[in-house]
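Here are my notes for you, as numbered points. Have the structure open while you read, and look up each residue as it comes along.

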Amino acid sequence: MDYRQILRDLIFKISYEVSDDCRCLLNKAVEIETDESSKMILETIIENVNIAGECKQALCQSPGYLTTYVTFGDDFFISDLDQILKEAVIDATKAGYLRPSMVDPLTRVNSGDNSGRGVPNMEYEYKKGIDYIEIIPSIKGCGIELYNKVKVFTIPEMGDNFEGIKKFVLECVVEAGGTACLPSAIGIGIGGQLDVAAKLSRRAMSLRGWMQRNEDKRLAQLEEELLEAINSLNIGSGGTGGKVTTLGVNIETAATHTTLCPVAINFHCWVARRAGIRIYKDGRVEEISFM
Amino acid sequence: MKTYYLNIPLKDEDIAKLEAGDTVYLRGKLYTARDMAHYKLKKLLDNNGKFDEDLNGQAIFHAGPIISVNRESGEYKVISIGPTSSIRMDPYTDMVGKMGVKVLIGKGGMSDSTTEAMKKHTMAYLLAAHGCAAVHTQRITKVTHQYWMDEIGMPEAMWVMECDNFGPLIVGIDSKGRNLFEETRKSSKDMIEAISKQTHCKST
């Protein structure tokens with residue numbers, strides 16, 4: 001099987017096609033929005049999704065930052081996977097789908113082809129007993145990264161019924177305003193230490209569909225409550241007022257130490273550039289839906 | 001709220017009639033500039049240099065495009081272009097205003113220091129739909145030349161291009177001191193306290 005071709009196609013595809021859940025949520029958003037400016041922004045966004053998909057053209061001029069999530073078992077792995085993805089990114093850059101944007105963090109020297117130390121970022125997870133490898137590349141925009149925050153809460157700071165955490169999320173949303181390429185999705189990681197919460201926050205919105213609620217009932221309720229609270233702030237898609245500010249809130253948690261509660265807030269622009277495939281040991285290839 | 005079709009170069013009276021919330025479509029020359037191009041301009045002016053272009057009445061687009069270069073003819077072509085976050089260019093509004101620039105186009109809005117500079121120089125901030133490169137690219141008709149690409153790279157370089165029917169752009173900050181982003185931020189901030197108390201999800 002030509003894994004190189006499959007992965008190259010996958011990277012190309014996410015540069016011009018949003019995931020199915022995002023398309024569905026945008027169509028709903030334009031229906032309910034009443035603010036004139038924000039509605040106009042949503043209409044342009046939907047026009048953009050259509051043109052990009054039909055003409056196989058980059059959705060956004062910014063290639064954001066690619067993280068690829070890989071889940072594997074005992075029986076099957078694709079050797080050189082990170083190298084194959086590296087080459088796929090360089091190919092997509094040469095083909096004009098991704099703007100050369102990776103630079104050295106200190107010298108700011110641009111490599112010219114999106115290669116560089118540590119990129120594309122890979123996140124591996126081992127799962128016992130599976131006979132496939134699951135690969136989900138996710139491109140997340142970078143403008144809004146400026147407003148991501150991590151706060152390590154003490155127990156009193158958490159407040160009754162998570163009031164402290166809720167307030168923290170709302171303050172981050174207001175501070176980000178229209179810069180978040182609204183309507184955004186928000187990933188929230190809670191628990192572990194600072195690094196664990198931060199990783200969970202990205203996983204939350206990259207691996208799970210934006211309409212899928214957490215399996216834990218209490219967390220699902222908190223997700224819904226936060227979504228409703230954010231959308232009642234009247235920020236809108238343009239940051240100039242409106243009903244739809246955020247498309248989804250996804251929370252993931254991990255156990256933490258008794259003294260603390262780290263919370264990471266991670267914004268995702270509306271452009272859900274992600275797709276997933278499962279490649280089975282026997283050669284079958286399945287697409288993953290985010291609906 | 002009104003819709004205007006404006007030609008660049010823009011005059012003060014074109015800008016003075018715009019009100020926050022109006023819609024604008026532009027035709028004419030665009031200068032792209034983001035962090036590094038603004039920095040280059042500032043350094044040039046700080047050292048008493050003169051920029052080769054006359055920016056009177058012109059439009060700056062906060063954008064870093066993907067451009068292809070034809071190896072034989074040397075011609076440039078836009079592959080993809082869209083707005084970047086304008087807030088990073090906040091410190092430069094007064095500088096480009098003094099140079100005669102009339103509109104800044106970008107995403108996410110700018111702060112009250114820009115509102116003041118826009119009042120002073122009769123300028124406006126126009127919001128372009130974010131993440132919509134496929135749409136915006138169609139409105140660019142020609143790329144003529146660039147500044148500083150070899151030094152600061154493709155996205156950071158200043159690209160000079162022509163646009164037609166470029167929009168819809170929403171007037172986010174007008175020349176009379178209204179800034180819709182700051183107004184929205186202030187009113188939503190006031191709601192946080194009350195909304196975070198309306199909680200149904202119990203911790204125990």
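Predicted model: local features only at pLDDT ≥ 70, side-chain atom pairs only at ≥ 80, totals over all residues.

**Notes on the two chains**

1. Let's start with B:Ser113, which sits in helix H4 of chain B. Helices here are DSSP runs of H or I with at least four residues, strands are runs of E with at least two, and both are numbered from the N terminus. B:Ser113 has a relative accessible area of 45%, so it is partly exposed (buried means under 20%, exposed over 50%, partly exposed in between, with a 1.4 Å probe and protein chains only).

2. Residues are numbered from 1 along each chain as its sequence is written, chains are lettered from A and ligands numbered from 1 in the order in which they are written, and side-chain values use heavy atoms, leaving out hydrogens and water.

3. What does UniProt say about the chains? For residues 6-277 of chain A, an unreviewed entry gives "domain: Fe-S hydro-lyase tartrate dehydratase alpha-type catalytic". For residues 6-183 of chain B, the annotation, also from an unreviewed entry, is "domain: Fe-S hydro-lyase tartrate dehydratase beta-type catalytic". UniProt positions are given in the numbering used here, feature names are shortened, and annotations may be inferred rather than shown by experiment. Residues 6-277 of chain A are 39% helix and 21% strand, with the end C-alpha atoms 9 Å apart. Residues 6-183 of chain B are 26% helix and 32% strand, and there the end C-alpha atoms are 26 Å apart.

4. Now find helix H6 of chain A, residues 163-176, and helix H8 of chain A, residues 217-231: their axes come within 10 Å and cross at roughly 40 degrees. (Axes are lines fitted to C-alpha atoms, for helices over the stretch in contact, and angles run from 0 to 180 degrees between N-to-C directions.) H6(A) and H8(A) are therefore oblique to each other; angles under 35 degrees count as roughly parallel, over 145 as roughly antiparallel, 65 to 115 as roughly perpendicular and the rest as oblique. On the H6(A) side, the contact is made by A:Lys166, A:Val169, A:Leu170 and A:Val173, and on the H8(A) side by A:Glu225, A:Leu226, A:Ala229 and A:Ile230 (contact means heavy atoms within 4.5 Å). These residues divide into six nonpolar, no polar and two charged. Ala, Val, Leu, Ile, Met, Phe, Trp, Tyr, Cys and Pro count as nonpolar, Asp, Glu, Lys and Arg as charged, and the others, Gly among them, as polar.

5. Most residues other than glycine have a negative phi, and most peptide bonds are trans. The bond from A:Val119 to A:Pro120 is cis, with omega near -5 degrees, and A:Pro120 lies in the loop between helix H4 and strand E2 of chain A. B:Ile8 and B:Pro9 are also joined by a cis peptide bond, with omega about 10 degrees. A:Asn114 is not a glycine, but has a positive phi of about 65 degrees; it is found in the loop between H4 and E2 of chain A. At 5% relative accessibility, A:Asn114 counts as buried.

6. Is A:His268 buried or exposed? Its relative accessible area is 3%, so A:His268 is buried. It sits in strand E7 of chain A, residues 261-268. Not counting residues up to four places away in sequence, A:His268 touches several residues, including A:Ile139, A:Met205 and A:Trp210.

7. B:Glu53 is buried, with a relative accessible area of 14%. Leaving aside neighbours within four places in sequence, B:Glu53 is in contact with B:Lys29, B:Tyr31, B:His145 and B:Tyr147.
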